[in-house]
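Let's take a walk through this protein model together. Have the sequence and the 3D view open as you read.

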Amino acid sequence: MMKEEDQYMRIAVTGGIGSGKSFVCRLLEQRLGVSIYDCDAAAKRLMRTSDALRRQLTALIGPDAYTADGLLNKAAVAQFLLSSEQHTQALNAIVHPAVARDFLDSGQHWMECAILFESGFDRLVQHVVVVTAPPQVRLQRIMQRDGISHEKARQWMDKQWPQDELLRRADYEISNDGREPLEPQIENLLRHLQTCKKPF
């Protein structure tokens with residue numbers, strides 16, 4: 001017997017850092033009247049609240065992974081991630097399965113995920129929407145948002161898949177270049193999804 005949740009499509013919104021995918025997701029939430037599962041926020045929440053993840057991350061990163069009052073040490077985690085690709089893969093191997101389980105248990109049908117294909121989360125959804133923006137626009141957004149240098153912003157961008165590769169794998173593109181209006185693109189996306197066999 002088909003479960004009720006299997007009758008619905010799962011849809012992912014992805015895009016490189018600085019593309020503005022979170023802003024697009026907020027517009028989608030307003031239009032749909034639903035919340036969109038935020039994989040990045042969920043990962044931070046689980047790293048903060050899960051005893052199992054806390055033990056594994058402390059073993060991986062060291063005692064600096066959490067502060068003396070039990071909070072996740074974001075600076076230590078960021079330094080660990082940027083130091084080598086092997087470190088990134090090791091941390092992801094711990095966190096990603098926990099986030100995938102949490103998403104499936106959430107009952108939500110939309111997710112926002114910056115590293116959708118790298119994490120393998122694309123296997124959890126039927127449709128992928130990619131939010132794009134020119135590289136220079138993305139760099140300026142990252143620098144302004146995080147208060148970091150051009151070099152550091154570029155370093156974060158370079159850690160992610162090229163935008164062209166995301167486009168190649170996605171089913172639909174929303175351009176968030178600051179010039180093309182977003183609302184008509186969102187309406188076109190929803191019309192596109194409504195032509196599919198399953199509701200969303």
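By the distance rule used here, the count comes to 10 salt bridges. Keep in mind that you're looking at a predicted model. What's the idea behind a salt bridge? Side chains of opposite charge can pair when their charged atoms come close. For the count, a side-chain nitrogen of Lys or Arg has to sit within 4 Å of a carboxyl oxygen of Asp or Glu.

Start with helix 8, which covers residues 150-158. Here the side chains of R154 and D158 meet in a salt bridge, at 3.7 Å from N to O. How far apart are R154 and D158 in helix 8? They're four residues apart, about one turn of the helix. R154 is partly exposed, with a relative accessible area of 30%, while D158 counts as exposed at 53%.

Next, move along to helix 9, residues 163-169. Find E165 there, a residue that is partly exposed with a relative accessible area of 23%. The side chain of E165 meets that of R168 in a salt bridge, at 2.7 Å from N to O. These two lie three residues apart in helix 9, about one turn. E165 also meets R169 in a salt bridge, this time at 2.9 Å from N to O. R169 and E165 are four residues apart in the helix, again about one turn. As for the two arginines, R168 is exposed at 59% relative accessible area, and R169 is partly exposed at 38%.

Salt bridges can link up into a network too, and R26, E29 and E112 are joined that way.

Finally, follow the chain past the end of helix 3. There you come to G62, whose phi is positive, near 115°.

Note on methods:
Residues are numbered from 1 along each chain as its sequence is written. This is a predicted model: local features need pLDDT of at least 70, side-chain atom pairs count only at pLDDT 80 or more; totals for chains, interfaces and linings use all residues. Side-chain values use heavy atoms; hydrogens and water are left out. Buried means under 20% relative accessible area, exposed over 50%, partly exposed in between (1.4 Å probe, protein chains only).
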